[in-house]
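Subject: Structure handover

Hello,

Here is the structure I promised to pass on. Please open it alongside this message; my notes follow below.

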Amino acid sequence: MMNGRSIGMLKKLRHTWRTFPRLMATKVTSLGGDEVGSGTGIGQITGGVRTSDGPQKVNTPSKEIVTHLPPLTEPLPNLPEAVYAAPLAESAITKVTTLPNGLRIASEPRYGQFCTVGLVIDSGPRYEVAYPSGVSHFLEKLAFNSTVNFPNKDAILKELEKNGGICDCQSSRDTLIYAASIDSRAIDSVTRLLADVTLRPTLSDQEVSLARRAVNFELETLGMRPEQEPILMDMIHAAAFRDNTLGLPKLCPLENLDHINRNVLMNYLKYHHSPKRMVIAGVGVDHDELVSHVQRYFVEDKAIWETEALEDSGPKQVDTSIAQYTGGLVKEQCEIPIYAAAGLPELAHVILGFEGCSHQDKDFVPLCVLNIMMGGGGSFSAGGPGKGMYSRLYTKVLNRYHWMYSATAYNHAYGDCGLFCVHGSAPPQHMNDMVEVLTREMMGMAAEPGREELMRSKIQLQSMLLMNLESRPVVFEDVGRQVLVTGQRKRPQHFIKEIESVTAADIQRVAQRLLSSPPSVAARGDIHNLPEMSHITNAVSGSGRTGLGRRLSLFK
């Protein structure tokens, strides 16, 4: 409440406020006929004060000398001429040395205190036809455990931590990679460590048992997660390459957990970790020094299977079968967990795929451009045009059908074959419509792409390539994989030119090549509304209905 005195003071203030002197942040200057506005600076920005006589002259820089230093427009006296850094010729060369036993060593110099060294091995699930599927899954979990010279995992980690190092092991369908990043001065230590991990692991019964539990836990976790990509990728490969090579599962089947033991693993390592199937790659190391250490630890020191008597059981050679694309259907009716907190509904998943090409095929680069052109992602993906929001699966699928929750294109390329596929997810009642929408988009790939669309896809692919190669571990993997397959590494400039030369006719040709193969389908979840495989095959082959006058009618 205000008393009478306060009310009186307010009235007095209201009456006298106009008489207060006005405080200015800057002094207001009256302008003459040839002066430019000052004080607030607005006149300087606009270039002058406009009068009825037209615009006035703009201020010119002062010629008055205000410092004893020379102007920046002139070179400083008595200073040597600047020598700018330039890439060295040897920094663009991948050195490759092949030892008498067939082991290849590849390296590239790179500026920095740390280096990445590792092995890329011609191994993986595609070679497990004579073994219980899941051996590679076990080897991932058993990597960097006890060896002949390191009694346990803690000893390995302690060796790495002395030099600020980290390690990792990853398996894909056709390669197994052991790698470590460490201080460049510890090249001897990391080479000795990698040799022990790959050639002299002890694989004790306790470690194998712990790996079995870890694999079992991972399989249970995958079954409880809404993300279905790992499971679906195994399913679509099984559909595309039924019972051969690339169609063998990457995830260990539950029924094989008890069939994989130390003897099975050692027998697999004996034949797949042979020198001719290995490439030791290093980035940021001296090549000659790396070769000398590899000679000592990988050649002079024997592998454990050469010094230890193993049970004489299992296959005696490596499977060298060429992948055979078959096409087909793999489906699983099940309940997929829901993210309750996210408010997303129950989703059914489907992948539609066709035979692609190997990474040595002449159509590999055009197919990569087509993959970028299709693009896609989740319906809640963040980002703008640089994130692929102009791709076909965004503009023609996710932006048009509100019930589509994801649509993403994948291009899997291997040494002898490939798989191009699109993964989509939607509520179960829209399963039939989802398959039809994805089928239409796959068939639409054969249409001539627009000039702007093609240019955008090529620039995006070039950008992704160069940005990924900024990372030292990515360069290591690129060097190792290329040398493993071809014996040399093609520079990024080669692929930039290849991408630039892709034409609209190339895109149409590779799309028609894809569609000429039998389709592969993988579906998981509540899939009661999944169309018949014959309907999908007929639609792709052109014998299905065109659906004139109906929005969705390929399969109806």
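How do H13 and H18 run relative to each other: roughly parallel or roughly antiparallel? Keep in mind that this is a predicted model. Helix H13 covers residues 431–444, and helix H18 covers residues 533–541. They pack at an angle of about 25°, and their axes are 10 Å apart. Angles under 35 degrees count as roughly parallel, so H13 and H18 are roughly parallel to each other. Their crossing is right-handed. On the H13 side, the contact is made by Val435, Thr439 and Met443. H18 contributes Ile536, Ala539 and Val540. By type, the residues of this contact divide into five nonpolar, one polar and no charged.

The whole chain

The protein chain has 556 residues, and 47% of them count as buried. It holds 18 helices and 12 strands. Take the contacts in the chain with a separation of 6 or more: 78% of them join residues 24 or more positions apart. The accessible surface of the chain comes to about 30100 Å². Carbon and sulfur atoms account for 54% of that surface.

Helix H8

How many of the 11 residues of H8 are buried? Nine are, so the helix, residues 262–272, is mostly covered. The buried residues of H8 are Asn263, Val264, Leu265, Met266, Asn267, Tyr268, Leu269, Tyr271 and His272. Which elements cover them? The cover includes strand E3 (114–121) and helix H3 (135–142). It also includes helix H6 (205–224) and helix H10 (304–307).

Two serines in loops

Ser391 sits in the loop between strand E9 (376–378) and helix H12 (392–398). Is Ser391 buried or exposed? Its relative accessibility is 5%, and buried means under 20%, so Ser391 counts as buried. Set aside its neighbours within four places in sequence, and Ser391 is in contact with Ile372, Met373, Met374, Gly375 and Gly376.

Ser172 is in the loop between strand E4 (166–171) and strand E5 (176–183). With neighbours within four places in sequence again left out, Ser172 is in contact with Gly124, Pro125, Lys250 and Arg481. Ser172 and Ser136 are 36 residues apart in sequence, and their C-alpha atoms are 8.6 Å apart in space.

Most residues other than glycine have a negative phi. Two residues here are worth a look on that count.

Asn78 has a positive phi of about 65°, although it is not a glycine. Where is Asn78? It lies in the loop between helix H2 (42–46) and strand E1 (95–98).

Asp243 has a positive phi of about 60° and is not a glycine either. Asp243 lies in the loop between helix H7 (229–240) and H8, the helix that is mostly covered. Asp243 itself has 68% relative accessibility and therefore counts as exposed.

Over to you.

Best wishes

Definitions and conventions: Residues numbered from 1 in each chain as written. Predicted model: local features only at pLDDT ≥ 70, side-chain atom pairs only at ≥ 80, totals over all residues. Heavy atoms only, no water. Axes fitted to C-alpha atoms, helices over the stretch in contact; angles between N-to-C directions. Helix = DSSP H or I, 4+ residues; strand = E, 2+ residues; numbered from the N terminus. Parallel < 35°, antiparallel > 145°, perpendicular 65-115°, else oblique. Left-handed = near helix turned anticlockwise from the far one by under 90°. Contact = heavy atoms within 4.5 Å. Nonpolar A, V, L, I, M, F, W, Y, C, P; charged D, E, K, R; others polar. Buried < 20%, exposed > 50% of the residue type's maximum accessible area, 1.4 Å probe, protein only. Areas by Shrake-Rupley, 256 points an atom, 1.4 Å probe, with all protein chains shown as cover.
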